Amino acid sequence: FVSVLIMNGNTKRERLIEAAADLMHQRGLTTTSLADIASKAAIPIGNVYYYFKTKEELALSVIEKRRASMSKAYATLNHNFDDPRLRLIEALRFFDNIKKEYTIHGCPLGRLIAELDVSTDLIAIEAAKVMNEFCDWAALQFKALGHDGDAHKHAATLMAGIQGATIMAKAAGKPTVFSAEIERLITWIEEVPNLRI
């Protein structure tokens with residue numbers, strides 16, 4: 001599963017997006033200023049406005065970059081694994097690999113959704129769409145295993161497990177809490193019958 005957190009930007013615009021992604025994940029959107037982002041990106045604050053007029057515009061670019069990276073990750077999984085069950089397990093293993101970061105800062109998308117009003121705020125709405133796109137991809141894997149009627153329910157269970165593990169690990173300050181839930185989800189995926197056989 002391709003890392004969607006490491007962007008390695010080279011241009012000033014990419015450096016600003018990468019800095020914003022890090023700071024918004026670590027501090028949240030409202031407590032992160034354009035000056036903070038400019039400082040982390042080592043770009044004069046005056047230059048920021050050439051690329052982004054507002055912090056909200058920059059936040060939307062962060063989300064779009066994450067969406068593009070995740071779409072690439074789904075394509076990679078679909079290409080590398082013929083078995084939809086293995087695709088799901090590999091995706092879960094990715095989350096387990098970043099458990100320390102999630103334990104400290106939580107899920108970057110989840111943080112935006114929790115911080116903002118998902119019914120009215122465009123940033124929260126777009127973050128929720130990216131999370132729902134993961135559920136749509138997961139649902140396709142369950143459908144490929146023959147669980148057409150329950151595919152979206154299973155996908156929601158998967159995402160709820162990841163997000164719940166994130167909150168509980170953060171509350172306990174223990175990445176092992178996150179890992180335990182990921183292993184439980186992997187065991188569940190392994191036991192889901194392939195109804196196509």
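**Note on helix packing, cysteines and salt bridges**

1. With a relative accessible area of 27%, E133 is partly exposed. The model under discussion is a predicted one. E133 pairs with R67 in a salt bridge whose closest N and O atoms are 3.0 Å apart. The two partners come from separate elements, E133 from helix 8 and R67 from helix 4 (residues 55-80), so this contact ties together parts that lie 66 residues apart in sequence. R67, for its part, counts as buried, at 13% relative accessibility.

2. R93 and E183 meet through their side chains in a salt bridge, with an N to O distance of 2.6 Å. Since R93 belongs to helix 5 and E183 to helix 10, the pair ties together parts that are 90 residues apart in sequence. Both partners have intermediate accessibility: R93 is partly exposed at 33%, and E183 is partly exposed at 34%.

3. The side chains of E126 and K129 form a salt bridge at 3.1 Å, N to O. These residues are three places apart in helix 8, so about one helical turn separates them. An α-helix has 3.6 residues a turn, so residues three or four places apart point the same way. E126 is buried, its relative accessible area being 16%, while K129 is partly exposed at 41%. Through shared partners, salt bridges join E126 and K129 with E64, R67 and E133 into one network. The structure holds 10 salt bridges in total.

4. The cut-off applied to the sulfur pair is 2.5 Å. For C107, the closest cysteine sulfur is that of C135, 11 Å away, which is too far for a bond.

5. H25 is placed in helix 1 (residues 12-27) and is buried, with a relative accessible area of 4%. Leaving aside residues up to four places away in sequence, H25 touches E101, H105, G106, C107, P108 and R111.

6. Helix 9 covers residues 151-172, 22 residues in all. From first C-alpha to last, helix 9 reaches 31 Å, close to the expected 32 Å at 1.5 Å a residue. Just after the helix, G173 adopts a positive phi of about 70°.

7. Which residues of helix 9 are buried? They are A151, H154, A155, L158, M159, G161, I162, Q163, A165, T166 and A169. What covers these buried residues includes helix 5 (84-97), helix 6 (99-105), helix 7 (108-115), helix 8 (122-144) and helix 10 (175-191). Two of the covering elements, helix 5 and helix 10, are also those that contain R93 and E183 respectively. Helix 8, likewise part of the cover, holds E126 and K129.

Conventions: Residues numbered from 1 in each chain as written. Predicted model: local features only at pLDDT ≥ 70, side-chain atom pairs only at ≥ 80, totals over all residues. Heavy atoms only, no water. Helix = DSSP H or I, 4+ residues; strand = E, 2+ residues; numbered from the N terminus. Expected span 1.5 Å × (residues − 1). Buried < 20%, exposed > 50% of the residue type's maximum accessible area, 1.4 Å probe, protein only. Contact = heavy atoms within 4.5 Å. Salt bridge = Lys/Arg side-chain N within 4 Å of Asp/Glu carboxyl O.
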